[in-house]
Each structure stands twice: as C-alpha cells, then as structure tokens.
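I opened my notebook to look up a few things in this structure. The entries below follow the order in which I checked them.

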Amino acid sequence: MMIFVLSFLRLLQLLTESASVQVLKESMVAATGTSVQFSGTDEGFTDFYWEFSNSSKSFLIIEYAKNVHSTIFEKYVNRVEFSRTDGSFMLKDVHEADTGNYKMAVDLDPKKTKILSLTVIDPLSTPSISSNCSSKSSTVVLSCMEQRGRASSVLWTRRGAELPANQHYWLSDGNRTLTIWNAKESDIGYYTCSVANPVSRNVSSYQLSIKCLESKPRARHGLIAAVLFVGTLVILSGSFLTGGRKPASNLEGRRNQQINEMNEEWQVTVNPFSAGSTELGLISACLHLRNSMLLIDCGIG
C-alpha cells in the first residue's frame with residue numbers, strides 16, 4: 001500500500017514539475033569501469049528517489065521513505081550503495097549504457113529536485129604509429145591510431161615542440177596522419193603522437209631513421225648514374241679499339257647506325273633524373289648498354 005502511495009505522489013510531483021523550473025543541473029564525466037559518486041541533499045527530508053533516463057528509456061534506481069522502507073531496484077542491485085543521511089549514492093563499474101541523466105527528487109518539492117548528467121567514456125589505449133618507409137616515395141607518412149577509446153585531440157611533436165601545419169608538414173584525418181613532403185636528412189629523429197580525451201591521455205614515439213630515407217628514389221638515381229657511366233666507358237673503349245676503321249660489313253654498319261639513332265633518341269626524350277622517370281631511365285640505360293654489345297637482360301623482352 002505504501003509503495004502505491006509513493007508512486008501516486010511521484011506522479012503528482014511530475015505534474016507539478018511540468019509547470020516549474022528545475023533549479024540544479026550538473027554534468028560529470030567518468031571512465032569505463034570506474035565508480036561514480038552522486039551527491040545528495042544538504043537539507044532535511046522524509047523521502048526521496050533517484051531515477052535514470054536517456055533518450056529511449058528510464059529506470060528507478062532507489063526509492064526511500066524515512067522510517068518506512070528503502071528499495072534498490074533490481075537493475076542496480078550490487079551496483080549501488082546509498083546514504084540514508086543525505087540521499088547520495090555510488091554507482092559502481094559504470095559503462096557506456098550508464099550515460100544519461102540522473103534525477104533526485106526530494107519530498108515532492110520541485111525546488112529540491114536536481115539532475116546530474118553523466119557521460120561514460122572509454123579510456124584510451126597507448127597509440128601505435130605506422131609508416132610508409134617501405135614504399136617507393138620521397139614523401140613520409142606517419143599514422144597514429146588508438147586501439148581502444150576515441151581521442152578528442154591528437155597532437156604531433158618533435159623535440160618537444162608542436163609541429164606546424166605548412167608546406168613541409170601536413171596533418172589530416174583529425175591530425176592522426178602526419179605527412180612529411182620531400183623528406184630529407186634533416187627530418188631524421190623522433191616524432192611523438194599524443195592522444196587525449198576527457199578521462200585519459202597517452203603518448204607514443206616513432207624514430208624516423210636514415211634507412212627509411214635511403215629506401216626512397218634518390219638512392220635509385222645513383223644506380224642510374226652508375227649504369228650510364230659504365231655504358232659510356234664501354235662505348236669509348238669500343239671506339240678506341242676499332243681505331244676509327246670502317247665497318248667490316250654492311251650488317252655491322254647498319255647495326256652501328258641503329259645504335260647511334262637509338263642513342264640520339266634516348267638523349268633527346270629521356271631525362272632519367274627527372275621526377276617520375278626513374279623506371280624509364282633504367283630501361284633506357286639498359287637498352288643503351290645492350291645495344292653496345294653487352295649481354296644485359298633488361299627485363300622487357
């Protein structure tokens with residue numbers, strides 16, 4: 001009977017509150033798995049209740065009437081400890097489903113009603129940093145990702161200073177991806193990624209080494225130069241040995257003419273050191289040597 005009376009009085013309060021202003025609202029943030037303390041009232045009371053609600057549902061948590069009864073509802077048994085002195089309570093092991101509003105109603109008095117808003121957030125794991133050092137590009141890309149939680153801020157630093165966004169450094173994907181354009185030796189060193197949200201912060205560092213930069217195309221340019229140098233020596237030595245004599249046959253003469261024509265075409269149309277011509281330069285240099293009587297497999301048939 002008493003529970004029925006309290007329920008009726010609670011319904012009456014809801015009708016009264018619809019025409020009243022609720023005077024106290026607070027917000028709290030907590031990490032998943034922690035315990036949260038909800039403050040009570042510093043005024044005297046005879047009864048109170050706590051209620052949880054979000055956009056889709058609501059539950060009674062505690063109902064208390066002084067010297068009559070106290071009830072912790074089934075959904076919160078073993079998760080709630082409350083004080084009969086001030087009506088405060090502790091909610092244990094919070095998780096995302098506990099995000100919502102918590103209302104305390106005291107003595108059916110709207111002026112004593114308060115609402116506490118709770119947001120539960122997963123703490124962040126230590127981020128991992130990956131790179132594209134194995135790719136054939138002069139641009140270095142570092143990616144910073146957390147495995148658990150969602151960062152509200154991501155910050156890249158080097159030597160203790162925040163990296164500026166400019167033509168050399170480019171930040172994207174919510175600052176999770178750092179792109180270093182035209183990386184060079186002065187870019188070698190440690191890069192630190194810091195991730196944070198309202199309940200946690202973690203950092204991770206990555207060492208950009210000379211080995212990473214050596215895997216870029218500039219090292220292949222040296223290979224092209226070496227091939228061209230050897231080819232030049234072979235051609236010059238061949239000219240020296242023939243002593244400028246005439247070809248021994250028409251077939252040899254036609255072959256030499258074809259070589260000269262291919263050499264001229266290669267020199268005019270191919271610059272092996274220009275951007276984007278690395279592969280073309282290697283193939284052309286190889287053809288040049290093969291036509292100079294060196295048995296080289298250019299890998300093109």
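Entry 1. I first wrote down the cut-off I need: a residue is buried when its relative accessible area is under 20%, and exposed when that area is over 50%. I also noted that the model is predicted.

Entry 2. I looked up the overall make-up. The protein has 5 helices and 17 strands. Of its 301 residues, 36% count as buried. I noted an accessible surface of about 18,000 Å², with 56% of it belonging to carbon and sulfur atoms. Among contacts with a separation of 6 or more, 59% are between residues 24 or more positions apart.

Entry 3. How many disulfides does a search of the whole structure find? I got 1. A disulfide is a covalent bond between the sulfur atoms of two cysteines. Here the partners are cysteine 144 and cysteine 193, with an S to S distance of 2.0 Å. Cysteine 144 sits in strand 11 (residues 140-145) and cysteine 193 in strand 16 (residues 189-197), so the pair links distant parts of the chain, 49 residues apart. The angle about the S-S bond is -85 degrees, and the link is left-handed.

Entry 4. Are the two cysteines buried or exposed? Cysteine 144 has a relative accessible area of 1%, so I put it down as buried. Cysteine 193 is at 0% relative accessibility and therefore counts as buried.

Entry 5. I followed strand 16 into its sheet. An open sheet is formed by 4 strands in the order 13-12-16-17, with antiparallel pairing. Strand 13 (161-162) and strand 17 (200-208) are the edge strands, each pairing on one side only. Between strand 12 (residues 153-158) and strand 16 I found 5 bridges, the two strands running antiparallel. Leucine 155 has serine 194 of strand 16 as its bridge partner.

Entry 6. In soluble globular proteins, nonpolar side chains tend to be buried together. The largest nonpolar core here has 22 residues, and those with the most contacts inside it are Phe38, Phe48, Trp50, Ile61, Phe89 and Tyr102. Among the elements that give two or more residues to this core are strand 3 (47-53), strand 4 (58-65) and strand 8 (100-106). Leaving aside neighbours within four places in sequence, I listed the contacts of tyrosine 102, including Phe38, Trp50, Ile61, Phe89 and Leu118. Another core, of 21 residues, lies apart from the largest one, and includes Ile129, Cys144, Leu208 and Cys212. That brings me back to cysteine 144, one of the two partners in the disulfide.

Methods. Residues numbered from 1 in each chain as written. Predicted model: local features only at pLDDT ≥ 70, side-chain atom pairs only at ≥ 80, totals over all residues. Heavy atoms only, no water. Disulfide = S-S within 2.5 Å. Buried < 20%, exposed > 50% of the residue type's maximum accessible area, 1.4 Å probe, protein only. Contact = heavy atoms within 4.5 Å. Areas by Shrake-Rupley, 256 points an atom, 1.4 Å probe, with all protein chains shown as cover. Pairing = 2+ DSSP bridges. Core = buried A, V, L, I, M, F, W, Y, C linked by side-chain atoms within 4.5 Å.
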